[in-house]
Amino acid sequence: MLVGEKVNLRALEPTDLDNCLRWINDREVTRYLLMGRWPTSRKAEEAWLERQVKGEDPSNKVLVIEAKDGTYLGNIGLHHIDYISGFAELGIVIGRKDYWGQGYGTDAARTLLRFAFQNLRLRKVILRVFGSNIRAQKCYAKLGFKEVGRLKAHILRDGKYEDEIIMEVFAEEFTG
Ligand SMILES: CC(C)(COP(=O)(O)OP(=O)(O)OC[C@H]1O[C@@H](n2cnc3c(N)ncnc32)[C@H](O)[C@@H]1OP(=O)(O)O)[C@@H](O)C(=O)NCCC(=O)NCCS
């Protein structure tokens with residue numbers, strides 16, 4: 001388990017199925033995520049969860065974000081981890097909307113980045129975020145992420161094309 005100030009990051013367990021299903025079909029949450037989502041069945045989510053629980057893919061790792069009282073808040077992960085070049089892509093979702101904007105996301109990302117830089121010896125972490133997702137961008141900026149590219153009108157979401165911003169933080173710029 002990775003221990004932060006407000007959250008702990010722990011491995012996904014088969015018993016997290018209902019936790020994940022609760023937000024995966026909530027479009028108010030998934031509209032911020034890059035992959036456009038079809039409604040997801042219990043079976044499909046179970047298959048995804050089973051792969052995560054086995055943890056056999058060293059280049060894609062997802063952990064649970066848990067409040068200190070054990071409440072499941074969401075998931076956070078590193079994807080496309082390249083151990084040779086030393087980079088990975090961060091993905092994060094606080095599935096509990098009532099916990100947004102209270103510092104949980106920043107603490108979760110800080111805790112995972114610390115692990116990525118100090119234990120996996122990654123050199124940098126990148127991410128992609130919608131231009132309109134100001135809350136997420138503020139969260140990333142607090143940790144030292146900088147915008148390094150912007151794909152204009154790139155992603156169609158709810159009838160509008162949105163900019164996709166690419167951000168990165170090098171280990172030495174990380175303000176965690
Ligand atoms: C993005 C996300 C991980 C951020 O986590 P969080 O716990 O909500 O964010 P934090 O409270 O740590 O930080 C958010 C910052 O934005 C500010 N903020 C909160 N709500 C805001 C809003 N509606 N508009 C603009 N800023 C907002 C907060 O005040 C805070 O900044 P501050 O510390 O300078 O005051 C979380 O909101 C989430 O999972 N959202 C849905 C999915 C998502 O967007 N994932 C990221 C995809 S790239």
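Let's start at the ligand. One of its oxygen atoms sits 2.8 Å from a backbone N or O atom of Gly 101. Keep in mind that this is a predicted model.

A polar backbone atom of Gly 103 lies 2.7 Å from an oxygen atom of the ligand. Ile 92 also takes part: a polar atom of its backbone is 3.0 Å from a ligand nitrogen. How much of the ligand does the protein cover? On its own, the ligand has 940 Å² of accessible area, and the protein covers 75% of that.

Now the whole shell. The ligand is surrounded by 22 residues. The closest are Ile 94, Gly 103, Gly 105, Thr 106 and Lys 142.

Which helices and strands supply the shell? Four elements give at least two residues each: strand 5 (87-94), helix 4 (104-118), strand 6 (124-130) and helix 5 (134-142). Helix 5 gives the largest share, with seven residues.

What classes of residue are these? Twelve are nonpolar, six are polar and four are charged.

Next, strand 6. It supplies residues to the shell, and Leu 127 lies in it. Is Leu 127 buried or exposed? Its relative accessibility is 0%, and the cut-off for buried is under 20%, so Leu 127 counts as buried.

What does Leu 127 touch? Leave out residues up to four places away in sequence. Then the list is Glu 89, Leu 90, Tyr 140, Phe 145, Ile 165, Ile 166 and Met 167. Leu 127 and Ala 88 are 39 residues apart in sequence, yet their C-alpha atoms are 8.4 Å apart in space.

Last stop: Asp 16. Where is it? Find the loop between strand 2 (7-11) and helix 1 (17-24); Asp 16 is there. Its relative accessible area is 1%, under the 20% cut-off, so Asp 16 is buried.

What does the side chain of Asp 16 reach? It comes to 2.8 Å from the backbone nitrogen of Glu 13. Beyond its neighbours within four places in sequence, Asp 16 is in contact with Arg 10, Ala 11, Leu 49, Val 64 and Tyr 72.

To recap. The ligand has a shell of 22 residues. Leu 127 is buried. Asp 16 is buried too. Thanks.

Methods
Residues numbered from 1 in each chain as written. Predicted model: local features only at pLDDT ≥ 70, side-chain atom pairs only at ≥ 80, totals over all residues. Heavy atoms only, no water. Near = heavy atom within 4 Å. Polar contact = N/O pair within 3.5 Å; in protein donor to acceptor, adjacent residues only side chain to side chain. Areas by Shrake-Rupley, 256 points an atom, 1.4 Å probe, with all protein chains shown as cover. Nonpolar A, V, L, I, M, F, W, Y, C, P; charged D, E, K, R; others polar. Buried < 20%, exposed > 50% of the residue type's maximum accessible area, 1.4 Å probe, protein only. Contact = heavy atoms within 4.5 Å.
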